[in-house]
Amino acid sequence: MKDFLDLADFTPTAIRELVSLAGRLERRPEPSALPGKVLGLVFMNPSLRTLASFQAGMARLGGSSFVISPGSSWKLEYRAGVPMTGDAAEHVREAIPVLASYADALGIRAFAGGQDLENDLGEPVFSAIRGLCPVPLINMESAVNHPCQALADWKTMDDLRTPAQGGRFVLSWANHPRPLPLAVPASAAQMAAMRGMDVRILRPPGFEFPGPIMDRVKAAAATGGGSVTETARREEAMDGAHVVYAKSWGSTRAYGDAAEDQRLRAALAEWTVEEDWFGPADPGCVFMHCLPVRREVVVTSEVLEGPRSRVILQARNRMYAQMAVLYRLLAEKGD
Ligand code: CP
């Protein structure tokens, strides 16, 4: 394994093996697996779980890490050929090779710009960085991808014995005051389809998945034996659901148009996940969310703290899933 950038770079079997390795490292710790290895973590945007779980995971494998984060480092430019007269004092063309010379692997977080959908779908920061990094590169959330979250979510469903083939996975848009990136919802749907599940994307009109992201989910379903449909009808989507995965994202119809996005979401207050939603679902249906989550906006505290909620397990699994990635990248060179 050379990099960890997108679940689509792997077969479902390879992902199952990674999840299995994550489980093994959870049950049987290997505190001497990565002696002397250093992981560099470059955050262009804030984080709680990704930052803490990568540092904790690297330490638990016997390695160490350093963090470059907003406010404590130079703001980085990634565009080619632009005069650097703004906030950015350093270009990724210098920063990435410099950081890579200190580290055995680099993790990068660079969110979507949120102004131009086509540009964001092209993953501009990762496209600029990829050829500059001579060490393994890990996507810690890019414009439209969050493979580390997806890997942890796959493990969470395995831990819960959620059915794969025949399992019903509802990815529901949820209320939120602001337009959020597509990275988590796109990766969650891709992951569940690749796991072989019946994926139902539940979203209000105006918040359809963009075509290229839908194509990515369909391709994952084709490789993993799953299926995907999109609907605005809650009862239909929730019928027999095993998992409800809530996440907000910005309107695709009004992408980059803050006023129109606000106008659309002003009428969507009923998209706060609450216990009543689960009536048509499987009795054991669980609630998932990647966190951070806004209480009484995205989901009620009753659901978030209730018996369906698996959000803490999901967050905990970030560490084991990423430990498996680090193990494959750094302890098993050349496979
Ligand atoms: N889920 C997730 O990536 O959390 P952070 O943004 O806190 O890292």
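The model is a predicted one, with local features requiring pLDDT of at least 70, side-chain atom pairs counted only at pLDDT 80 or more, and totals for chains, interfaces and linings using all residues. Residues are numbered from 1 along each chain as its sequence is written, and side-chain values use heavy atoms, without hydrogens or water.

Helix α7 is mostly covered, with twelve of its twelve residues buried (under 20% relative accessible area with a 1.4 Å probe, protein chains only). Among these are Pro185, Gln190 and Met194. The buried residues pack against α1, α6, β7, β8, α8 and β10 (contact being heavy atoms within 4.5 Å). Just after α7, Gly196 adopts a positive phi of about 100°.

Helix α6 (residues 147-159), one of these partners of α7, also packs with α12 (residues 311-331), at an angle of about 115° and with the axes 8 Å apart. Axes are lines fitted to C-alpha atoms, for helices over the stretch in contact, and angles run from 0 to 180 degrees between N-to-C directions. The two helices are therefore roughly perpendicular (65 to 115 degrees). Residues making this contact include Leu151 and Lys155 of α6 and Tyr320 and Val325 of α12.

How values were computed: Helices (H or I, at least four residues) and strands (E, at least two) are DSSP runs, numbered from the N terminus. Angles under 35 degrees count as roughly parallel, over 145 as roughly antiparallel, 65 to 115 as roughly perpendicular and the rest as oblique. Buried means under 20% relative accessible area, exposed over 50%, partly exposed in between (1.4 Å probe, protein chains only).
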